[in-house]
Structures are given as structure tokens and as C-alpha cells.
Amino acid sequence: MTSGAPASVPTVWPGTTYPLGATYDGAGTNFSLFSEIADRVELCLIGKDGSEERINLDEVDGYVWHCYLPTVTPGQRYGFRVYGPWEPSAGHRCDPSKLLLDPYGKSFYGDFDFSQALFSYDLTADDPASGGTPPMVDSLGHTMTSVVINPYFDWASDRAPRTPYHQTVIYEAHVKGMTQTHPGIPEEMRGTYAGLAHPVIIDHLKSLNVTAIELMPVHQFMHDHRLLDLGLRNYWGYNTFGFLAPHYQYAANKHAGAAVAEFKAMVRTFHEAGIEVILDVVYNHTAEGNHLGPTINFRGIDNAAYYRLMDDDKRLYRDFTGTGNSLNPRHPHTLQLIMDSLRYWVLEMHVDGFRFDLASALAREFFEVDRLSAFFDIIQQDPVISQVKLIAEPWDVGEGGYQVGNFPGLWTEWNGKYRDTVRDYWRGEPATLGEFASRLTGSSDLYEATGRRPGASINFVTCHDGFPLADLVSYNEKHNEANGEDNRDGESHNRSWNCGVEGPTDDPEILALRGKQMRNIMGTLMLSQGTPMISHGDEIGRTQRGNNNAYCQDSEISWMDWSHCDKNADLLTFTRKVSKLRKRHPVFRRRRFFEGTPIRSGDQVRDIAWLTPAGSEMTPEDWGSGLDKCVAVFLNGEAITAPNERGERVVDDSFLLCFNAHSKPVEFVAPDLGYAAEWTADIDTADPKGDTDLVVAAGERLTLASRSLLVLRKTA
């Protein structure tokens, strides 16, 4: 490792074009950078004292500039300076006064000060978009630096769990927010990868029967200057500039390059517990923003290659993301960067899948979203990426961007229609029953036509974006004043219901109703066909105090308050109970969609049946009648057609799920369905823990409490 001034470099070898970035091989380091527009490129070695040694890259092949330095070892900080045209009107913004970060950097160090040095225009100019001559203020000392890493790590006997979708339960979490206040984690480990891998977190996830943790962005990201001026931070991390580097501020060990080994150790620990690691990745835009943003890497390396520019004014950026720019996957080197990044995280960091933020933006060939785009094609044929979990957030903010159900067969999707329907049903919206039935049974209307199965539907009711579960039942309106935008930010139509009082209350009836509603939603989520996703903290009633856009709240507003484990112990107990029921019974996690046909020739008992409270089968008229808030669904455990992984027939108990979204109790008749004699209740959301000792004979009446879910199991 270097110390003080940069290492002396007596010899510069030609090196190779591939792999791109900085690659240490045990003896020295190969450096490689793509820029089609550059006239000259300098590699800059930065000493710990801030000194700089520049090395001209004389070797260039296919627009890739490269060299090999036999004396450079892990820990060396570096950057690039790119000389080329400054022609904003043509889309070119080369500025050699900027020390540029490596697009393939595997670790970064330092911080940005957002002084004039980071910007290639005069911050005091009246018309900064005019594209005038840049002020040429050197950014060294004002920007982060890239760091050469040690790629070697002892993975021991690490194995990917490779949990199939129909057995998967996803838990969306934030590295810092999940661990920052946990009393069982040593203080120096809180908010870090090491803290997330602590046994207390692993044990908590296992108690919820979670099989995969989906981490909000951990690619190296930047905090927005505007937010820093307001005393806020880009907490969520959807502001990436380093697609191959773990965010180094999440490492307990803050030494340059140490985040890589700590992240790998975290993944290894999760795998030992049988839990997959999925990354929320942001390849649709970068932290450089629009034409008024800083120049930190892509903009100064090859602006027109990396970004989508406006056809009629190439000074400006096409923006499908609401963040100022859109990455350009139509360019082969940009597409290569995305694919190289994905493969790196699978092969070198051992992650198990990806959730693609605003994935529709990546599928826009020219303007419209295209299922046959190059991005989908290259993912489909890649032997590494095609074999891990691929989850799309199937929308962006551009025209025609809402694409739920329209992604290709290899993909699963965040099912926004599931979220909206379940919210509407339990808050009592009329005419939702038919849609609710479709979402409960895996959304075959969205996924079957593309050859996909129920697992393609990533079912969620809450996530990082919007209200957490406790706020969903406590607020009708957003309360985002703490974000500094006069409550203008965030979604205004939340499909939430405060149960009669806005925000905190001591009213026991309101609190009881809110608790029941949370159990109804959590129970529905866990008993629906498809792949459930829990938002971190929902199992203990995490609140953001009515803030539905906490992207900038690196504070107690967003962090998990682990004291809620005691305060909301009943909710935690219920979540564990219902997730355990799902795990034990394959009838709730079928691999294939229901067929609705008899299980035997001449038999009237099917794999699924929808029933009225009177115990009779629903008719078309019933679906649109005043009973549209109350229904029962029979799930036949003896009619599971898909075999298990060993080819054996799967046989399970049969269940009756009784839903009542009415404000008053409803009488149900326990059906016999031609072969059922007795039903035993396993879960009743009317009870704070979901406990019940109800046993009812076929044909008998039972009372289903207002706004509740009752789970009956056939026992005779």
C-alpha cells in the first residue's frame, strides 16, 4: 500500500484494454478507461498528502486508454484527466481541470465539497446553460478519489442459497436505517455492513422466515448539494456514480478500499444463514444531474456516450427519471458498463440478484419503452446475469413509463397494482373485490401471457417510497415539512386511511383498529400467491411521522426504532405467526396459477373456489353486488398440480380465507364443499396476536369481526 506521496513509477508498461478500471493482479495494477472523444488521457496517482503524479496514457485501442504499473498496489488513490473538445452544443464537455473518478472504480475515498472546483461553468454566471468556456478550476482536493482494491478474499465454503421464487420472502432494508439504533449491535458497527451481518439482525430476519434481504442502494453515491445546504442528506442513496463500488461510508472500517472486504464478509454471513442478498441498483441515471450538475466522472470522460441528450439541444439532458439525466444504454460502452457491473457483483461480490430502479428507463430504445430493447436482449443471453433474481420496478416518470406486467419472461416485477388494490380493499373502497381476487391469486392477468408464474409478482403494500405500514393506517395526508419543500414533495394520493384520527392518538378504539388493519394487510401479503416483500420495520410498526418521501431524512424519522419490538410486540408476534404459516403450507405459495377446474374427473371440488358469506359459490352478479367487501376463498391443498423439486406430488391442508372489509361484523357459513366436515381457525386478525381457538363444523355459522381476516383449515 502506498503512503505519503504517490509511489515512484520508473516504468510504465503498455497494459491491456480489458478489464476496464483498475485491476490489481498480485504484482501491479492495470488501468483502463474508455473515452471515444478524448484527445489525451492522464492517469493521476494521488498521495495521501494530496500530491499528484500524472502519467500520460500513450496506449489506446478501440477508444480504450490503458497502461500497467508494476509498482502500484491496493490502497493507491487515483483519478483521470481527459483532454478533448469542450463543445456543449455538440454534447462534449471535456475539462482536464477536473480529476475524474473511474466509472469502473471498485472503491472510492474522501468527499465532495461542492465548491466552484467541481463545476465546469461559472457558478456566478447569469446563464450557466450557455456553454461558455469553463473556468478551469482544479478539482483535486475537492472531489473523491478512486482507490485500487485488493480483490482477494477468503470465501471459505460460501454457496448461494438459490431460493426459488415460490419459497422466497423478501425483506427490503436500508443498511444504516436497519442498524443505527439497535441496542444489541456494538456502537462502532451501527449503520454498517458489519452491523447488518450481526447475529441480532440475522436472528430477527430468520424469525420472520425471510429468505432474501433487498438492500436499498449500496453502490457509491453522492449527497446532493441542495440537501446538504438544508442540513439533510441523500439518505436513500438513489444518486449513484460508482456502479462497481460498495458505498464506503457504510463500512465500519473507513480505510481506503476496506468496504469491499467488509461487504463480502456480510454476504458470506447472510449466505451461511440461508439468506440471499439482493441489491437495489440505479442504472437509469447518475449523480451528475443535469447541465447544472458537477463534473465528477461520466460527463467529463465522454458525455455524449454515457448520457441521453436532447436531439434539438445537446447542451441539455433527456430526463426519464426526474433526476436531471438518463444513462444511455443504447451506447455499447454504456451497456457494457451496466453488464460488467452486474457480473462483478455476482461473480466477485456473490450477490444473488438485483432490483432495477425505474427499470422502464433502461428499456427505452429511442423514446418509447421497448420489450425488445438491447438491454433486455443482452440480459437474456448472459450466462451469469440471467441466472440470478431480476426484479424490475416497472415504471419511470416518462410518458408511457408505467409497464407493470409488460416485462419479458425472465423478469419479476414490483406489482404496483397489488399494492394499490390491497390498500383500497382494506380501507373500504367500493368495487374492488374482483381486482382484489386477481391480486390475491398471483395476478395471472399480468404475468401468465408471458409464460411467467405467480412468483413473477413481487407483492408489496409498502416499501421505502411512501408511508410505512403504521403510517398507512394513521395518516390520510402526507406530512413532509421536515424535507424543506413546504410539503410539496411526495405522492399526494396515498390510498391510506387514518382510521378516524390524523396521526398520533391515545384513543384505544382507534389504536385497536389501526392494529387490526396492519394485521389485515400483513396477513393478506403473506397469504397471497406470488413473492411477498416486507418493508423494513413494518413488522414492529415503524413510523416516519407521516413523511411519505423520507429520501433525505438520515435521522430518527427513517431509522428503525427497535424499542418498537416491545411497544408493538403483538404485531411482531403476528407477523412471525403468519409468515410461519406461509412457510409450512405450499398451498399459499403455489408454483403455478390456479386452474379453477375439478381435481378429478366428475368431481366438483376444484383447486380454488370463491364463496359468499352464505357459503355458496360466487356468481357474476355477486362480484358486483353490495357484498363486494366480503368474500371467502377456498384453497384446495389436494389440488396442487406442480410437483416439488424431486418430482413428487405436493399435498397440503386445505384452507378457507374469509375476508371482511366491512365496518360491521358479517356472518359466514362454514362450507362443506362436498367433503369438508370441520374447520379449525389458525389465524384471526381480530385478535392482537392473531390467536384463535375457533372450531366450526361444516354448515355452521360463525361471526367474522368487522374489518378482519379469518384463516380456517380443514381438519375433518
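Let me start with the lining of the largest pocket. Its residues divide into 19 nonpolar, 17 polar and 13 charged. Here Ala, Val, Leu, Ile, Met, Phe, Trp, Tyr, Cys and Pro count as nonpolar, Asp, Glu, Lys and Arg as charged, and the others, Gly among them, as polar.

Before going on: this is a predicted model, in which local features need pLDDT of at least 70, side-chain atom pairs count only at pLDDT 80 or more, and totals for chains, interfaces and linings use all residues. Residues are numbered from 1 along each chain as its sequence is written, and side-chain values use heavy atoms, with hydrogens and water left out.

Back to the pocket. The volume of the largest pocket is about 1500 Å³. Among the 49 residues that line this pocket, Trp236, Thr321, Thr323, Asp465 and Asn549 are the closest to its centre. A pocket, on a 1 Å grid over the protein atoms alone, is an open set of points with protein on both sides within 12 Å along at least five of seven lines, while a cavity is a set of points where a 1.4 Å probe fits but cannot get out; lining residues have an atom within 4 Å of a point. Points are joined across faces, edges and corners, and a volume is the space filled by probe spheres set on them.

Which helix gives the largest share of the lining of the largest pocket? Helix 9 does, with three residues. Helix 4 (225-229) and helix 9 (416-426) each supply at least two. Helices (H or I, at least four residues) and strands (E, at least two) are DSSP runs numbered from the N terminus.

The second largest pocket has a volume of about 730 Å³. It is lined by 30 residues, and the closest to its centre are Thr163, Pro164, Tyr165, Gln387 and Lys389. By class, that lining has eleven nonpolar, ten polar and nine charged residues.

Now the cavities. Residues lining the largest cavity include Arg423, Trp426, Leu472 and Trp497. Helix 9 and helix 13 (508-527) are the elements that give two or more residues to this lining. Its classes are five nonpolar, two polar and three charged.

Next, the whole protein. It has 16 helices and 31 strands. The C-alpha trace spans about 90 × 55 × 55 Å along its principal axes. A compact globule of 716 residues would have a radius of gyration near 27 Å, and the protein has 27 Å, which agrees. That radius is taken over C-alpha atoms, and the globule rule is 2.2 Å times the number of residues to the power 0.38.

Buried residues make up 61% of the 716. Buried means under 20% relative accessible area, exposed over 50%, and partly exposed in between (1.4 Å probe, protein chains only).

Finally, some backbone details. A cis peptide bond joins Tyr18 and Pro19, with omega about 0°. Pro19 is in the segment before strand 1 (21-24).

Phe114 is not a glycine, yet has a positive phi of about 55°. Phe114 sits in the loop between strand 10 (108-109) and strand 11 (145-147). Is Phe114 buried or exposed? Phe114 is buried, at a relative accessible area of 8%.

Ala156 also has a positive phi, near 55°. Ala156 lies in the loop between strand 11 and strand 12 (170-173). With 64% relative accessibility, Ala156 counts as exposed.
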